[in-house]
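Here's a quick briefing for anyone meeting this structure now. Have a look at the model, then read on for the main points.

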Amino acid sequence: MPVIALTPSWNAEAQRVSVPYTYVAAVVRAGGAPFVIPPSENDSAVCAALDRADGLILTGGDDVDPSVYGEEKLTCCGETTPVRDRLEQTLIRHALKRGIPVLGICRGIQILNAALGGTLYQDIAEQFGTQLKHPRSDIPIGDAHTVRIEKGSLLYSIFNAEECPVNSRHHQGLKSIAPGMRISAWAPDGLPEAIEAEDGRPVLGVQWHPEGLIERLPLQLCLFRWIVQEAQK
Ligand code: MN
């Protein structure tokens, strides 16, 4: 059974890691065995843990600290967790080096893009200017907007659909796309909602939360099936 590493959120005050159980359930349902890699001061320990995994899922959470993409933190930026930023940067680097498949979800697509050299809007409403409300935590598993999936993309081959409804629980978004990555889904307002590796490597990020939609929209399980399948190669 392929083993899938999950990244946790980090509560510095409580010195505690945690992962929403929906990610665990989604991986198990897709046929994978999940485990969590906590942050550590020792990068070698982090990499050694990832070496035991066949796939990596970067889960949702706090904002990415703008220092990751070389910007000053503005007041519109939310709470950041540099310890987690560092954990995930290390994991992303190591996964790419080892050819371990990566799926980034919400914060996960953002840290993936930033770690690979892209930038983020610290706050969509403030910096992007859109009529569409992307932070819809009031309807965490409801349809917030649709996404248009780029034909011919990896994401298109996974969904086999040009459009699908998604939830939306993010106030940050992708600004410039990292070198080597391309946009594979768009929100109706033109904000990138998914990116993937240009060279066909199994590296994919989505801005929505598929793990929360599976009960209502079983199609979303296909993202977890995809990484489990890639992890078996
Ligand atoms: Mn959105």
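Along the chain, the donors of the manganese ion follow the spacing H-x10-H-x22-S-x1-H-x22-E. Keep in mind that this is a predicted model.

**The manganese site**
- The protein donors are His 134 (ND1), His 145 (NE2), Ser 168 (OG), His 170 (NE2) and Glu 193 (OE), and they lie 2.3 to 2.4 Å from the manganese ion.
- His 134 sits in the loop between helix H5 (124-127) and strand S8 (145-149), while His 145 is in strand S8, 11 residues apart from it.
- His 134 counts as buried, because its relative accessible area is 1%, under the 20% cut-off.
- His 145 is buried too, at 7% relative accessibility.

**The nonpolar cores**
- In the largest nonpolar core there are 34 residues, and those with the most contacts inside it include Ile 57, Trp 208 and Phe 224.
- Helix H7 gives the largest share of this core, eight residues.
- Leaving aside neighbours within four places in sequence, Phe 224 touches residues including Ala 26, Val 27, Ile 57 and Ile 105.
- Another core lies apart from that one, with 29 residues, among them Ile 37 and Val 203.

**Where H1 meets H7**
- The axes of helix H1 (residues 21-29) and helix H7 (residues 221-231) come within 8 Å and cross at roughly 65°, and the crossing is right-handed.
- On the H1 side, Ala 26, Val 27 and Arg 29 meet Leu 221, Phe 224 and Val 228 in H7.
- Those contact residues split into five nonpolar, no polar and one charged.

Definitions and conventions
Residues numbered from 1 in each chain as written. Predicted model: local features only at pLDDT ≥ 70, side-chain atom pairs only at ≥ 80, totals over all residues. Heavy atoms only, no water. Axes fitted to C-alpha atoms, helices over the stretch in contact; angles between N-to-C directions. Helix = DSSP H or I, 4+ residues; strand = E, 2+ residues; numbered from the N terminus. Left-handed = near helix turned anticlockwise from the far one by under 90°. Contact = heavy atoms within 4.5 Å. Nonpolar A, V, L, I, M, F, W, Y, C, P; charged D, E, K, R; others polar. Donors = N, O, S within 2.8 Å, 3.2 Å for Na, K, Ca; no water. Buried < 20%, exposed > 50% of the residue type's maximum accessible area, 1.4 Å probe, protein only. Core = buried A, V, L, I, M, F, W, Y, C linked by side-chain atoms within 4.5 Å.
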